[in-house]
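Here are a few exercises to work through with the model open beside you. Try each one yourself before you read the solution.

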Amino acid sequence: MWQRNLLIGFLILVCLTLQTTWIPQLGALLSQTDLIFALTVAFALLSGPTEGAIFGAIVGLLRGILLGPALGIYAVPLYILGYAVGHFSRIVNHDSILVPLAVGSLATIAYWLMLTALTGGFYGFWISGHFWLALPGMLIANSFMTLFIYSLFRRFDKRLRDGGRR
């Protein structure tokens, strides 16, 4: 159990570090990648609604502390997505590679809508093209990053549950 928690903490630290340092330096399409979002969706797919919601709230608050602009602006959407994806994970086949890709795509759209509503409501930017042009790049980048993190996390999680055997 402590090994799983250590792995989760390490992944959170790596994703937060990369999100604040390396991801903004990438090109126009890849800079739309949200590692914290992808980590939350992948974790909720594997862990269920309660753990997914708690995880989403924690990493959303951590991201809000590091990146701003307001403390709960990421925590609320990630909490909701962690809970919803966790419920959805109960009815899907986890062996299919299309599941994290499809869930990542649908969750990206929901996340984009929630962030647009929150930031547009507070700052009035929803009319500008910035949010509308960000969706396609965000959809592609986050869907494939969710698939990557899900497969990576699932492989390590399976090893930890098997007692370190390959």
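**Exercise 1. Find out which residues C15 touches, leaving aside its neighbours within four places in sequence.**

Solution. This is a predicted model, so treat what follows as computed from it.
- Start with the position: C15 sits in helix α1.
- Next, list the partners. Leaving aside neighbours within four places in sequence, C15 is in contact with L35, I36, L39 and I149.
- Take one of them, L35: it is 20 residues away from C15 in sequence, yet the two C-alpha atoms are 5.6 Å apart.
- Finally, is C15 buried or exposed? Its relative accessible area is 6%, and buried means under 20%, so C15 counts as buried.

**Exercise 2. Describe how α1 and α2 pack.**

Solution. Two packed helices are described by the angle between their axes and the distance between the axes.
- Here the angle is about 155° and the axes of α1 and α2 are 9 Å apart.
- Angles over 145 degrees count as roughly antiparallel, so α1 is roughly antiparallel to α2.
- Now for the residues that make the contact. From α1 come R4, I8, L11, I12, C15, L16, L18 and Q19, while α2 brings L35, I36, L39, F43 and S47.
- Sort them by class and you get ten nonpolar, two polar and one charged residues.

**Exercise 3. Say where I8 lies and what it is in contact with, leaving aside neighbours within four places in sequence.**

Solution. 
- I8 belongs to helix α1.
- With those neighbours left aside, the contacts of I8 are F43, F55 and F153.
- Look at F153: I8 and F153 are 145 residues apart in sequence, but their C-alpha atoms are 8.8 Å apart in space.
- The relative accessible area of I8 is 11%. The limit for buried is under 20%, so I8 is buried.

**Exercise 4. Decide whether A84 is buried, exposed or partly exposed.**

Solution. 
- First place the residue: A84 is in helix α4, which covers residues 75-88.
- Then check the number, a relative accessible area of 39%. Buried is under 20% and exposed is over 50%, so A84 falls in between and is partly exposed.

**Exercise 5. How many salt bridges does a search of the whole structure find, and which side chains meet?**

Solution. Side chains of opposite charge can pair when their charged atoms come close.
- The search turns up one salt bridge.
- The side chains of R63 and D34 form it, at 2.6 Å from N to O.
- R63 is in helix α3 (residues 49-67) and D34 is in the loop between α1 and α2, so the pair ties together parts that are 29 residues apart in sequence.
- Both R63 and D34 are buried.

Conventions. Residues numbered from 1 in each chain as written. Predicted model: local features only at pLDDT ≥ 70, side-chain atom pairs only at ≥ 80, totals over all residues. Heavy atoms only, no water. Salt bridge = Lys/Arg side-chain N within 4 Å of Asp/Glu carboxyl O. Helix = DSSP H or I, 4+ residues; strand = E, 2+ residues; numbered from the N terminus. Buried < 20%, exposed > 50% of the residue type's maximum accessible area, 1.4 Å probe, protein only. Axes fitted to C-alpha atoms, helices over the stretch in contact; angles between N-to-C directions. Parallel < 35°, antiparallel > 145°, perpendicular 65-115°, else oblique. Contact = heavy atoms within 4.5 Å. Nonpolar A, V, L, I, M, F, W, Y, C, P; charged D, E, K, R; others polar.
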